[in-house]
Amino acid sequence: MAILKVSQLGHPVLREPSQSVPEKQICTPDFQRFIDDMIETMREYDGVGLAAPQVHVPWRVATIEVGENPRYPDAPEVPLLVIINPEITPVGSEMEEDWEGCLSVPGLRGKTPRHAALDLRALDREGNPISLQAEHFFARVIQHEVDHLDGKVYLDRMHDFRTLTHLQEFARYWLGD
Ligand code: NI
């Protein structure tokens with residue numbers, strides 16, 4: 001396994017829509033190794049999610065895992081989830097604002113509106129269909145990662161940048177807000 005280099009805001013790969021993964025490619029050793037590398041990279045940098053364009057690969061695949069995480073100490077746990085070719089459908093019209101950060105936008109976070117609940121359909125790393133409903137923080141992470149696959153970052157979703165803050169100032173002025 002290997003820790004992959006994380007693309008940073010300004011790299012064009014973060015602004016391109018990613019390509020669907022052909023189903024016959026999913027079970028190949030190369031693709032399975034790539035998924036393992038994504039998981040290792042996400043864990044190395046304390047991410048709660050990682051999308052393939054964030055490691056310079058424009059494919060529609062993302063990994064999500066929320067454990068004990070120093071970047072998100074209050075987040076509810078989500079077991080490791082690999083999603084390939086995900087499709088999301090909002091459930092209801094409720095929106096929620098909460099803090100988001102991104103490994104490709106280091107050192108910053110900001111309050112970002114997201115759908116409170118959604119349906120996710122995707123393939124898992126064996127190519128089997130996944131269908132689940134997610135809400136709140138889990139739904140937020142899914143929306144953040146699927147945005148990456150569409151060439152978007154959380155900054156595009158913010159209503160304005162008045163809550164955009166460096167991490168040191170977040171800890172000093174915004175914690176608990
Ligand atoms: Ni991100």
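Reader: What spacing do the donors of the nickel ion follow along the chain?

Author: This is a predicted model, so keep that in mind. The spacing is C-x41-H-x3-H. The protein donors behind that pattern are Cys102 through SG, and His144 and His148 through NE2, lying 2.1 to 2.2 Å from the nickel ion.

Reader: Where do His144 and His148 lie?

Author: Both are in helix α3, residues 136-149. They sit four residues apart, which is about one turn of the helix.

Reader: Is His144 buried or exposed? And His148, buried or exposed?

Author: Buried means under 20% relative accessible area. His144 comes out at 8%, so it counts as buried. His148 has a relative accessible area of 1%, so it is buried too.

Reader: Now the strands. How many bridges join β6 to β7?

Author: Seven, and the two strands run antiparallel. β6 covers residues 117-123 and β7 covers residues 129-135.

Reader: In what order do the three strands of the open sheet come?

Author: The order is β4-β5-β8, with antiparallel pairing. β4 and β8 stand at the edges with a single partner strand each, so one side of each is left without a neighbour in the sheet. Six bridges join β4 to β5, and Asp98 has Thr112 as its bridge partner in β5.

Reader: What do side chains do in a regular strand?

Author: They alternate between the two faces of the sheet.

Technical notes. Residues are numbered from 1 along each chain as its sequence is written. This is a predicted model: local features need pLDDT of at least 70, side-chain atom pairs count only at pLDDT 80 or more; totals for chains, interfaces and linings use all residues. Side-chain values use heavy atoms; hydrogens and water are left out. Two strands pair if DSSP finds at least two bridges between them. Donors are N, O and S atoms within 2.8 Å of the metal (3.2 Å for Na, K and Ca); water is not among the atoms, so sites may look incomplete. Buried means under 20% relative accessible area, exposed over 50%, partly exposed in between (1.4 Å probe, protein chains only).
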